[in-house]
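Please keep the sequence and the model at hand while reading.

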Amino acid sequence: MNLSSLPWLELSLLLSLVGAVVAAFIKMPGLALRTCLGFLLVILLCATAASLSTGAGWLKHFAADDLAAPMLPVLSMLHLVTLLGTAKSRVSPLFCTRLMLATFVSLAAVTCHEPWMLVSLLVIGVLLPLWDLHSRGSATRGYLIHMSLFIVLLVLGWQFAHKPIGIALLLLALLLRGGIVPLHGWVPTLFQGAAYGTAMIFVLPLMEVLAALRLLPHAPEWMLNAASIACLITAVYGGGMAIVQNEVRKFYAHLCLSQTSLVMFAVMLHTSNGLTAALCLWISSSLALAGLAFSVRALEARFGALSLREHHGYYEQVPGLAICFLITGLASVGFPGTIGFVPMELLISGSVEQGLGVSFALAIAAMFNGIAILRAYFALFTGKRPTTSVSLQKTPQERIGIIVIALTVFLGGWFSPGVVASRHETADKLLERAGKQEAPTSKH
Amino acid sequence: MPAHESLLSWLGLMIVAPPAALLAVFFAAFLLNRRLQEEPIGRLIQGTISLSLLAAVSASVIMLWHRVAHHAIELGDWVITPHYHLKFEFVLDLLSLSYVMLTLVLCAVIGAFSTRYLHRERGYQRFFVLFALFLLGMVTASLSDTVETLFAGWEMVGLSSVLLIAFFQERPSPPRNGLRVWVVYRICDVALMLAAILMHEINGAGDFDHLVGDKAWPAHDPLLIGPHFTMLGVLFVIAAAGKSALIPFSGWLPRAMEGPTPSSAVFYGALSVHLGAFLLLRVSPVLDSSIWLQVAVVVLGLSTSAFAYLAGRVQTDIKSALAFASLTQVGIIIAEIGLGFRYLALLHLLGHACLRTLQFLRAPSLLHDHHQLENAIGSRPREEGVMWEQRLPIKVQHWLYRFALERGYLDSILEKWVARPFVALFRSLDGLETRWARILDGEPKTKEARDP
């Protein structure tokens with residue numbers, strides 16, 4: 001039997017749904033964690049196989065095309081790392097159910113070809129963090145207002161996608177989902193109110209990038225230019241805000257804002273280089289930021305909510321987490337030798353067509369992010385080490401997570417040329433399609 | 001390709017490969033959760049540097065024997081798209097081989113010194129991991145023939161320097177100073193990044209050969225004239241100013257002395273502080289594109305030198321005094337580059353780096369010697385100002401003293417006009433954001449994060 005002809009994508013989707021159902025029926029948190037871990041590992045394998053397989057799938061509206069294929073293992077790994085970084089004491093069957101559902105939504109959205117389905121999945125995706133916020137008794141109004149606006153704009157925009165106003169609404173909806181300034185208030189709120197894992201899996205898959213690529217191939221140039229300026233402002237703003245934050249969660253939220261805006265900016269360039277950079281950055285930023293969150297969550301599990309006001313000196317107790325924090329943080333800003341280096345270079349060089357001022361602003365955003373990361377590193381890991389009576393060494397689960405992240409961040413850097421070549425091909429196809437196809441409409 | 005050229009390419013790669021392999025060993029140890037003992041680390045360091053040095057010396061001998069003045073080693077196109085070309089390439093020439101051999105010799109000395117100096121220090125392995133990163137960065141930057149390769153090495157040097165400044169991390173000031181240095185480095189990185197982009201714009205590639213011609217350094221083919229080249233030169237000078245602590249970035253140099261003595265010696269006495277000068281030597285034909293740029297470089301070098309001389313005169317600790325003495329010479333080297341004396345600048349750089357490394361390494365013993373001297377003569381040795389200082393009016397003397405003591409007010413100017421407004425602006429924006437979030441959430445206060 002030819003392995004590539006197996007329905008790997010369908011298996012991934014099915015397993016994530018089955019995993020969600022199974023986790024919902026388990027009462028013991030430990031068992032739920034192990035079960036969820038097993039499901040996510042198998043999903044990662046299936047997703048990787050789906051991205052490599054060439055055979056046609058069974059589901060009509062889902063396919064691992066050029067755009068989706070590399071994102072399947074990336075998104076699966078993102079969810080796996082999220083679970084690996086969750087402390088055993090904080091895992092609940094409900095969290096596992098939500099995680100598996102989020103896995104399904106992400107994988108389904110990235111492989112979905114029907115605009116109405118993608119729009120539905122984007123709407124469903126919004127509900128998972130809301131569920132989390134509600135179940136934790138956190139304030140939901142701010143998030144609800146932003147996301148209601150997002151849904152309204154998204155649906156209206158999709159309905160009128162053949163008209164400029166529809167495209168404008170769609171674009172606005174996606175910018176809102178990406179946390180564009182000044183409509184970004186929900187991002188810090190979400191990271192502060194919801195479980196870290198839930199916030200991560202909502203923000204890091206960068207579904208707005210996917211939606212922009214699938215739903216907005218024909219946006220007029222002036223709209224893209226305006227959106228790219230907004231993204232650029234957000235990238236610089238997010239970086240600057242990340243530097244001055246005194247709480248780790250808000251620091252992380254603003255760093256995410258800055259990084260995701262950079263990806264959206266690259267999408268808005270709508271040039272071969274820009275799209276190539278966007279597709280590469282999408283992969284590198286998601287993984288690097290997931291790795292950074294992994295370290296932060298492991299620290300929070302040990303020491304509670306973390307402040308950046310003083311130096312904590314955690315290096316001596318958890319050096320592995322310190323190294324993980326540093327390399328993933330630097331990878332997210334494009335440090336040489338890591339997964340983020342080539343995409344960042346591509347982005348900054350790709351922006352030259354917009355003028356040296358734009359490249360300068362991008363370099364400033366990268367500079368701010370780099371400063372913010374090292375400031376957070378020094379605050380968390382240097383200083384007088386705290387004395388504790390219990391061992392704070394990393395758990396086997398965390399050790400596996402660190403190995404996976406470290407290898408991904410470094411090996412990803414070495415495999416960049418191959419990834420860039422394939423992403424460049426995809427970018428050209430997307431541009432070609434944009435030139436030939438009609439705008440997406442609601443009537444299919 | 002003739003046999004000696006293939007051999008040169010192989011040797012060139014052999015200069016870079018051992019430091020890369022050393023870093024890979026440390027990375028594998030981290031992944032396997034193994035702590036390396038002091039002795040194996042010492043042997044690894046010495047073995048690595050010996051191999052690289054052997055390759056560098058062999059390459060130099062072959063080049064001299066075959067009268068090869070310039071040999072490029074292409075590592076292939078890393079990324080190639082119709083609009084973008086990322087290429088990693090090394091070059092063997094007088095400049096690169098001189099600087100890489102200087103790096104390897106000084107790193108060998110410092111490595112041997114550090115294995116004893118840091119014996120039983122808690123951060124022993126951490127020190128050598130950062131040392132290995134620095135070594136790889138220096139070797140990469142020294143041999144670079146494209147701006148991307150240079151940038152990669154440049155960044156590695158910057159990160160390792162900053163983390164070594166914060167080496168004694170239990171004290172509050174080393175990380176604080178490390179962060180300050182990082183900020184300056186990031187600013188100069190922006191300039192280098194923009195220079196790289198501009199190079200791509202001008203030539204369609206980041207190769208130095210494309211920019212200045214493939215003649216052996218310091219000769220160059222084309223006449224580089226035009227506003228683009230002047231702009232490029234300005235960006236390179238800003239990048240070099242940050243890395244070499246030239247005015248107005250000089251404030252970070254004494255802060256960098258927080259690190260252990262071996263790292264101070266290798267970074268700020270010898271190699272890292274000269275990296276800016278090395279960059280200007282590499283792109284020196286670009287400086288020739290404008291007389292104003294050359295004048296600016298000379299003025300920058302001389303003013304840095306004068307400032308460092310004054311500041312160094314009032315330092316009360318030996319490492320800071322040496323740091324400013326080092327900066328005085330770096331300023332002169334920069335001025336020499338601006339004046340077009342490339343060979344002189346290179347010779348000055350090599351000699352100065354060696355001298356200053358030895359002085360830094362002697363610094364802890366020097367204090368001991370000084371105490372012995374004081375005990376022997378029964379009083380402190382007399383310190384007299386040089387003749388021109390005594391001829392100045394007393395008010396000017398006092399002003400100069402204050403100026404030197406405050407290190408030219410450079411730090412306070414940057415803090416007052418750059419850092420504080422930046423922090424104030426973003427803090428106020430943060431306050432607005434928080435208030436807005438509270439209004440939206442309809443609560444008087446935000447809920448604290450509870451679970452990860």
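## An exposed arginine and other backbone exceptions

B:R120 is exposed, with 6 other C-beta atoms within 10 Å; by the rule used here, a residue is buried if 20 or more other C-beta atoms lie within 10 Å of its own, exposed if 12 or fewer, and partly exposed in between, with C-beta atoms placed from the backbone. B:R120 lies in the loop between α3 (94-117) and α4 (124-143) of chain B, where helices (H or I, at least four residues) and strands (E, at least two) are DSSP runs, numbered from the N terminus. Although B:R120 is not a glycine, its phi is positive, about 65°. Most residues other than glycine have a negative phi, and most peptide bonds are trans. The model is predicted, so local features need pLDDT of at least 70 and side-chain atom pairs count only at pLDDT 80 or more, while totals for chains, interfaces and linings use all residues. Residues are numbered from 1 along each chain as its sequence is written, and chains are lettered from A and ligands numbered from 1 in the order in which they are written.

B:Y409, also not a glycine, has a positive phi near 60°; B:Y409 sits in the loop between α17 (394-405) and α18 of chain B and is partly exposed, with 13 other C-beta atoms within 10 Å. Cis peptide bonds occur in both chains: one joins A:V181 and A:P182, with omega about 5°, and another runs from B:I247 to B:P248, with omega near 10°. A:P182 is in the loop between α7 (164-177) and α8 of chain A, whereas B:P248 is in the loop between α8 (227-243) and α9 (252-255) of chain B.

## Chain A as a whole

Chain A holds 18 helices and 0 strands. With 444 residues, a compact globule would have a radius of gyration near 22 Å, and the 20 Å of chain A agrees with this; the radius is taken over C-alpha atoms, and the globule rule is 2.2 Å times the number of residues to the power 0.38. The C-alpha atoms of chain A fill a box of roughly 65 × 55 × 45 Å along the principal axes, and 64% of the 444 residues count as buried.

Two residues are in contact if their C-beta atoms, placed from the backbone, lie within 7 Å. Of the contacts in chain A with a separation of 6 or more, 80% come from residues 24 or more positions apart.

Chain A is divided into domain 1 (1-112) and domain 2 (114-436), with bounds that come from an automatic or database domain assignment. The centres of these domains, taken over C-alpha atoms, are separated by 21 Å, and their contact takes 28 residues from domain 1 of chain A and 40 residues from domain 2 of chain A. On the side of domain 1 that touches domain 2, α3 (71-84) and α4 (93-111) of chain A are the elements that give two or more residues, and α4(A) has the largest share, 11 residues.

Helix α5 (residues 115-135) of chain A has 21 residues and reaches 31 Å from its first C-alpha to its last, close to the 30 Å expected at 1.5 Å a residue, the expected span being 1.5 Å times one less than the number of residues. The buried residues of α5(A) include A:L118, A:L122, A:G125 and A:P129. Seen down the axis of α5(A), its buried residues fall within an arc of 165°, so they line one face of the helix; the arc is that of the directions from the helix axis to the C-beta atoms. These buried residues pack against α4, α6 (141-159), α8 (186-193), α9 (196-203) and α10 (207-215) of chain A.

Chain B is divided into domain 1 (3-365) and domain 2 (408-441), whose centres, taken over C-alpha atoms, are separated by 34 Å. Their contact takes 5 residues from domain 1 of chain B and 4 residues from domain 2 of chain B. In helix α15 (residues 342-377) of chain B lies B:L361, which counts as buried with 21 C-beta neighbours inside 10 Å. Leaving aside residues up to four places away in sequence, B:L361 touches B:F113, B:T261 and B:A265.

The contact between the chains takes 51 residues from chain B and 62 residues from chain A. On the side of chain B that touches chain A, the largest share, 14 residues, comes from α6(B).
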